[in-house]
Amino acid sequence: MFEVRIHGRGGQGVVTGAEILSVAAFHDGRNAQAFPSFGSERMGAPVVAFCRICDKIIRSREPIAEPDCLIVQDATLFKVLDLFSGLRPQGYLIVNTNRSFADLHIAEAGLRLPLGHAITVPATEIAQRHIGRPLPNAALLGAFAALTRLVNFESVSRAISEAFSDRVATANIAAAQEAYTLVRLRETAAA
Amino acid sequence: MSEQVPAAQSPEVIQKLKFYQKGTFTVGNRLTGDDGRSVQASLNRSNALTCGHRACQGCGEALGARYALDAAMRATDGNLIAVNATGCLEVFTTPYPETSWQLPWLHSLFGNAAAVATGVAAAMRVKKHPEVRVVAQGGDGGTTDIGFQCLSGMFERNDDVLYICYDNEGYMNTGVQRSSATPPAARTATTPAIGPEPGNVFGTGKSVPRIAVAHRIPYVATATVADLHDLEHKVTHAMSIHGARYIQIDVPCPLGWGASSHDTIRLARLAVESGFYPIFEAEHGKVTAVRKIRRKVPVTEYLRPQRRFAHLFKGEVPDRRIARLQAMCDANIDEYGLIDGRDDGA
Amino acid sequence: MPKQIEGSRATAEAIALCRPEVICAYPITPQTHIVERLGELVKDGYLANCEFINVESEFAALSVAIGASAAGARAYTATASQGLLFMAEAVYNASGLGLPIVMTLGNRAIGAPINIWNDHSDAMSMRDAGWIQLFAETNQEAVDLHIQSFKLAEELSMPVMVCVDGFILTHAVERVDIPDQAAVDEFLPPYDPIQVLDPKDPISIGAMVGPEAFTEVRYLAHHKQMRALELIPINAGVFKDTFGRDSGGLLRGYRHEDAETLVVAMGSVCGTIKDTIDEMREAGIRIGLVVIVSYRPFPTAALRDMLAAAKDVVVVEKSFAVGLGGQLANDVDTALRNLPDGPNLHSAVAGLGGRPIWRRSLHRLFRQAVAEPWEGTHFLDLNEPVIQREIQRIGKTRRSGPTAESLLRQLGRRGELVAAGEETST
Amino acid sequence: MEHPFAITLDSGSSLTNHTGSWRNSRPEYVHRLPPCNNACPAGEDIQGWLADAESGDYEAAWRKLTVHNPLPAVMGRVCYHPCEGACNRKEIDDAVGINSVERFLGDAALAKGWSFPKPAAETGNRVLIVGAGPSGLSAAYHLRRFGHAVTIREAGPLAGGMMRFGIPKYRLPRDVLDCEIGRIVDMGVTIQCNSKVEDIAQDMKAGGFDAAFLAVGAHIARRAYIPAGEAARVLDAVQVLRSMEGENRPLLGRRVVVYGGGNTAIDVARTAKRLGAEEAVIVYRRTREKMPAHDFEIEEALEEGVMMKWLSTIKNVEAGSITVEKMALDAKGFPQPTGEFERLEADSVVLALGQDVDLALLQGVPGLVVEDGVVKVGPNMMTGAPGVFAGGDMVPSERTVTVAVGHGKKAARHIDAWLRGGKYEPAPKHELASYDKLNPWYYGDAPQIVRPMLELARRTSTFEEVVHGLDETNALYEARRCLSCGNCFECDNCYGVCPDNAVNKLGPSKGFEFNYDYCKGCGLCATECPCGAIQMLPEGF
């Protein structure tokens, strides 16, 4: 069982992100369960969404307290919430930012994780470039696929194409593709 | 003198003709021609509400309901379904094990007749029975108070329902309590004739017909058991239209008003002739016709025979509120233009 | 065909497959996605010959359904929480008139304090209204129960309420197998009413019934529910034959055969409980689960048979009758009544107003039930310190003000209230 | 259809619930006496024949009318129509123009030549009638219908009596009178003119009559002593009006004074105008209100320029002028002399002070009693002498054509009964359908059609008929203004307004019946019955 927790703000497509991720896993022939932090949050308010991916049938309905991966769509949230709560020692961290962990004062949190498990992605910039709106979720999913290798990128792009209409879908896939490639290049560079 | 004996279609035709039956006064009204003739004069009227019901002697609502539904039955060739709100009409017509209705009839709740009727109309659409029409009916309580929200929703969606409100100005079924249709100064069980302001308060009033007009529905009308021909005309016209329609009928209640059982129609007549109960028609948000006052009477002629207003006539000097009630009537007369000349009945 | 799909959309598509003829929609969280999707399906013509009516209240929603059903149309609506309370009068009326309406209830707490999250208080408030009440464990079951419900409702001429946990199921995206139209049509024949408003054969429906016949009318309603106890398993069997899936029925057991401790629960929490049970089984504890699907009619006899052999029975439920305790626990108690040396009954209330139910909390609960059983009702993950402080505060000052707001003040933002649940679990 | 228990019920099943048991008073259909019928001296069934006229069946209407009165065309002109005075319709707008409809029917009959049937069988009885005036002709007609042989002996040269010699042509054209008399003669009635009965007993025996009806008109003018110079020209009304029928018309001069206040005085004054008088002045000792003449006639006279001098008596008549004394009413309303005098220019003075009957023929009839100029009769119109009946001007009563016709009918019925050795008992009268018994709301407003009048100029210079008749449409219209007081006309109100559907409609002209199984006795039907044909009675125990 692999559990993902996505943090963001209302309107950034946090819930959609979790949903697309679950669909991607579904296409990979896995079982997946995506659900929001059920609330009546309005635009801008902090939002959490969850996604479980497993080869067995998923029965549990509890929220994800100990995620294997943390996706942070909005770095400003570090100031308001303890986003790292329950993050597993072997877990992953994907932060949408064009700054460094140090700049965000979360360097040591990143260091607690295995090397290369904590990355930053300028997902908003990428989204602006391809979609023309600050919707980082697709790019972050691309990054997730590249980082965790838990889902195939093809499945991610297929899930995105099912979630959006043609034009928007293409743009989002492009954003996801760029982030995916970016993460892969960094790895090869690091290696 | 244009009137001839109409071609022999119905047996009534060969009845004696009387000049003064022209116009809209007696039920027979035989000089207007066969089709224009009142449903109630017909040997083969449907009696949608038949004998054996348990209404009080001289019940205006029982009368109004038969008038209205028989007219609707004729207009729809019998393809009619009635939905009924809780109230006197429902209770006195269908106590187990007997019903007085001779058309398909459904009672659900006090406040939902309009919505239930909407459902029936929707069913008729999906079941491909466009010929079957729906009437919802209730008292003033079930219409102007507790059923008001459903009524307004039905109006706003313009559902194909004719809603008929039998207005006897109070909750008579539960023992004569005040409703939002109870007139000022009237005594009810919850507005007793005691204290400095005996009877019902002089509020701002609530004209559901005008609220209906504000919904701009295709057809709104007020009617009275004192003018059968007008009432039948309005019901017939309403059934010729699709969409939301509203007719409110003044139906005096001998019990609740404290009047003699034989005065039911007389009181309804005085309500019209005094300007107390304006009779008008509106289509798509505009008032299109009013029933003129034929022989104007002071409001006291209407109030005096009713014990619910008796306290107004106790004192030596006339109660000042009589003047306020008269002012209400005069305001109606001005607002609706209820007076110009006398009707010659021809 | 399997889909990765949101529960509400899956439910809506299943309802569409049942070819409802009149759908009444009024928005209330968390059932909105269901009627939104149905509206879409009607507008885009996928669901043909169906009247989709946007009403002005829940009271009207069920009232319109009542009219449509009495006039011979297959009628559907959905609501939740306050909405169910607002239509309460019509809820009783629909069953009293014997109208086979199907209604989805996106289970949600009842205010005040206003709360949009999941529990079963709303369903419990109408448990005596004469409707059949079925609880879905998963979105797959939600889909399947709706299809079975129309058949059941119309066979008995009695309304059915399908209870689906708000958000937890309605908003969860997971794998659901949506049946194909042909199979559904084979399983569910067109609506053939036992009585209908028809100008060609006029009848009066909804007469006033006095003392001379009212008891009999009520008895017959009860008799219908007793017939449902037989019909529900039969339909589940036919359903399996048609769709090859076990779904619905009155109740089902999980690892219960040799269990010394049996948990009884309804709805989505059963999934979490099953995981917990597996973990405890690995630790050698003989524990199992009984999932109640049909809460009304309540499968008293069948439940008794399943529980009779256990030492301990722990009832976990998402609602409780203030001043008494858990309703489900009471009903289970009824089932165990007069059982010679029957199991000990332990009542626990959990997940009120969306409070998460953690596996760890359940572990603790089940062990405690056996080791150190409590008196009365146990409130899972109750924040004791907060309660103590508030009770003291109320005791001190006359004008203590509203408790809910005071609690929030103590806990700071609501997000931390959720966190509080997490703390206790970690 | 199999219904769920109790909540669903079978259509119309409440018919098994007989709510009639709630009733404490019950409605019943009744017939009440219309005020017009009640007021008609000739006892006509006015509402009855109006009802036929309303549906356009004029012959049926005429036949129903002539059951009681053989002279509708005459009556339609000269009757002072007390029926209209009693008509309930006048409370709503104006009385129904009964008289004009009657005239319309009478004229229609003349135009179409409708005639009376001959009697089915002859009784063999012979009745002598003295006087061919209205009461005599009426009696003859009715006796003939009974099958008795009738002979009228008339002293005058022509039949008609006062109708011919007392009523001016402009009110009653003679051809109309002749036709209606002719129609009676055609039934087999013998009229002998210029054959005065001198001794009734003798003539009965001589003619072998079984009974007699005395119907002599009041042809003798009353005189009052007024001092007059020999050059003065003083005539009496009877002379003047009779001479209008002859060749040489009376010479009245330019200024004519008529003395008296009755209809005859009016007739004379209007006649004088037509004969060319510049001034016709009526001198009357009381006020207009006290005048016995009918108001509408005074109106017409004034319109024609006849002048009135109220509260005056003639003291003296000289050549070319008269002296009148002014009077004043005392406390009791009687005129008293004031001593004020005035002169009036007058070429002639006509006295219209009332008339008397010539009773010479009654000399020595045993048992027959005469008191102040009239014959005493019993309730059956028989004088003290067995078989001798009397009516019209001869008996104490108002002296009008209508009253006379009524007497004729009444006498005929009693004579018939007497001849058969029995007694005539009139049917008991229904309760009067007074206005308070009606619900006038239901009657549409419709003013009476004013009979077209000849424009005044022509009226005063000629003897053409002043008042013209209705044409068919407005006669129909007028007839339909009848309220049908006290008698159901099938307006369907009771059938419609019953909240319990407890009135059965039996179909055209069959009326209605109450269904006492369901009638709760609310009384709406009675209150809303326009014509007062429903009565509420307390339920018996």
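## Chain B: contacts and composition

In this predicted model, residues 24 or more positions apart account for 67% of those contacts in chain B that have a separation of 6 or more. Chain B holds 11 helices and 8 strands, and 61% of its 346 residues count as buried.

## Where chain B meets chain D

The contact between these two chains draws 52 residues from chain B and 52 residues from chain D. On the side of chain B that touches chain D, the elements giving two or more residues are α1 (60–75) and α9 (264–273) of chain B, and of these α9(B) gives the most, with 4 residues. Sorted by class, the residues on this side of chain B comprise 21 nonpolar, 21 polar and 10 charged.

## Domains of chain C

For chain C, the domain assignment gives domain 1 (2–243), domain 2 (251–379) and domain 3 (385–425). The C-alpha centres of domain 1 and domain 2 of chain C lie 27 Å apart, and the contact between them takes 26 residues from domain 1 of chain C and 21 residues from domain 2 of chain C.

On the side of domain 1 of chain C that touches domain 2 of chain C, at least two residues each are supplied by α6 (121–125), β6 (132–135), β7 (160–165) and α9 (211–243) of chain C. The most comes from α9(C), which gives 5 residues to this side of domain 1. By class, this side of domain 1 of chain C has 15 nonpolar, 7 polar and 4 charged residues.

## A six-stranded sheet in chain C

Chain C contains an open sheet of 6 strands with mixed pairing, in the order β10-β12-β11-β14-β15-β16. At its edges stand β10 (251–254) and β16 (377–379) of chain C, each of which has a single partner strand, so that one side of each is left without a neighbour in the sheet. From one strand to the next, the twist averages 25°.

Within this sheet, strand β11 (residues 261–265) of chain C runs parallel to strand β14 (residues 312–317) of chain C, the two being joined by 4 bridges. C:Val263 stands opposite C:Val314, a residue of β14(C).

## Helices on the sheet

Helix α13 (residues 359–371) of chain C packs on the sheet, where it touches β11, β12, β14, β15 (344–349) and β16 of chain C, and its direction makes about 145° with that of β14(C). Helix α10 (residues 269–282) of chain C lies across β10, β11, β12 (287–292) and β14 of chain C, and runs at about 165° to β12(C).

## Where chain C meets chain D

The contact between chain C and chain D takes 17 residues from chain C and 11 residues from chain D. On the side of chain C that touches chain D, β9 (203–205) and α9 of chain C each supply at least two residues, and α9(C) gives the most, with 4 residues. The residues on this side of chain C fall into 10 nonpolar, 5 polar and 2 charged.

One of the residues involved is C:Ile203, whose bridge partner in β1(D) is D:Asp10.

Definitions and conventions: Residues numbered from 1 in each chain as written. Chains lettered and ligands numbered in written order. Predicted model: local features only at pLDDT ≥ 70, side-chain atom pairs only at ≥ 80, totals over all residues. Pairing = 2+ DSSP bridges. Axes fitted to C-alpha atoms, helices over the stretch in contact; angles between N-to-C directions. Contact = placed C-beta atoms within 7 Å. Nonpolar A, V, L, I, M, F, W, Y, C, P; charged D, E, K, R; others polar. Domains from an automatic or database assignment. Buried ≥ 20, exposed ≤ 12 C-beta atoms within 10 Å, placed from the backbone.
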